[in-house]
Amino acid sequence: MPRSAESSAAEPPQPRNPFAPEDTKGILHPDEQAKHRSLVRLPPGPAVDRYIEWYWAVSWDLRGRPPYRAEVLSYPSVNVTFERSETRTGGFVNGVTTTKFIRELSGLGETFGIRFRAGGFGAFTGLDVGSFRDRAVPLADVLPDAANLTERVLDAPTVERRRHIVEEYLADHPAVEDPTYRSVLRIIDAMATDQELTRVDQIAERFDVPARTLQRMFRRYVGAGPKWVLRRYRLQDGADLLAKGRTEDLAALAAELGYFDQAHFSREFTAEVGMAPLEYAKNSLRLRNEVTAKVIPARA
């Protein structure tokens, strides 16, 4: 694809690099999940890091053990996955998941994934990401020329080799520079990092973008509206802090996250996560203590 005249005149600044190999934000019950599967993350190469946050690989061997339901408060991102398991094998485009994502792990399986930046898949492909919301679509249905990519990725012996194969494919499909995507990146970065941003009108004012324009941009590039994205980031912040032991003042935590009051936060948290905030925090502490006890046995 040819680059636009605008991109040749001035190369835009690179977005913030969010790669965090040890970060568990968004993963519910992270200590418990770690007992049932492995997780590895790899950074993207410089040619594609404007569109991709990171690559990730999950594998599990639960043969002879009960299935495990892995739960995630997903980011507002499209994930392309290459999967091999007892229940699903193939390549898939996974749209933004607006409810709690649940994946049952059973037997032996693995997934290699590409987590695009919020808006990145839509900018790279030129597709309307809203059409994938809460859906998983076969990769070949979305990108027909990627029909043999799944087999090549799954046949590769290491995650590093899999990343290399994917980046070779992406390099053969360079994206056209997109000024609107640059705006989406700036807005998303502010939403993710500034906890004082809790309302769409704040975003519209800060970036001088009408609310209706924001809605159209987010549907096309992100796959969900700006209000949902804000709420998801703040809910992830809350779950992460609770999992790390922040329980002393739930009313103050709710206010920091932009909720009207503690009851509002508790209702939304319970509806999305499946348990009340304090219950989630206590469950996380218990699991963390169990892991610590195994690593550092108590002295006699």
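In the predicted model, R186, I187, A190 and M191 of helix 7 are in contact with I203, R206 and F207 of helix 8. Sorted by class, this contact comprises five nonpolar residues and two charged residues, with no polar residue taking part. Helix 7 covers residues 179-193 and helix 8 covers residues 200-207; their axes come within 11 Å and cross at roughly 130°. Because angles over 145 degrees would count as roughly antiparallel and those from 65 to 115 as roughly perpendicular, helix 7 is classed as oblique to helix 8. The crossing of helix 7 and helix 8 is right-handed.

The strands considered here belong to an open sheet of six strands, arranged in the order 1-2-7-4-5-8 with antiparallel pairing. Strand 1 and strand 8 (136-138) are the edge strands, each pairing on one side only. On average, neighbouring strands of the sheet are turned by 25° against each other, direction being ignored.

Within this sheet, strand 2 (residues 52-61) has eight of its ten residues buried, so strand 2 is largely enclosed by the rest of the structure. Strand 2 pairs with strand 1 (residues 38-42) in the antiparallel sense over five bridges, and W56 in strand 2 is the bridge partner of R41. Strand 2 is also joined to strand 7 (residues 108-116) by nine bridges, and these two strands likewise run antiparallel. In this part of the sheet, D61 stands opposite L108 of strand 7.

Further along the strand order, strand 4 (residues 79-84) and strand 5 (residues 89-94) form an antiparallel pair over six bridges. Here V80 stands opposite V93, a residue of strand 5.

Terms used
Residues numbered from 1 in each chain as written. Predicted model: local features only at pLDDT ≥ 70, side-chain atom pairs only at ≥ 80, totals over all residues. Heavy atoms only, no water. Axes fitted to C-alpha atoms, helices over the stretch in contact; angles between N-to-C directions. Helix = DSSP H or I, 4+ residues; strand = E, 2+ residues; numbered from the N terminus. Parallel < 35°, antiparallel > 145°, perpendicular 65-115°, else oblique. Left-handed = near helix turned anticlockwise from the far one by under 90°. Contact = heavy atoms within 4.5 Å. Nonpolar A, V, L, I, M, F, W, Y, C, P; charged D, E, K, R; others polar. Buried < 20%, exposed > 50% of the residue type's maximum accessible area, 1.4 Å probe, protein only. Pairing = 2+ DSSP bridges.
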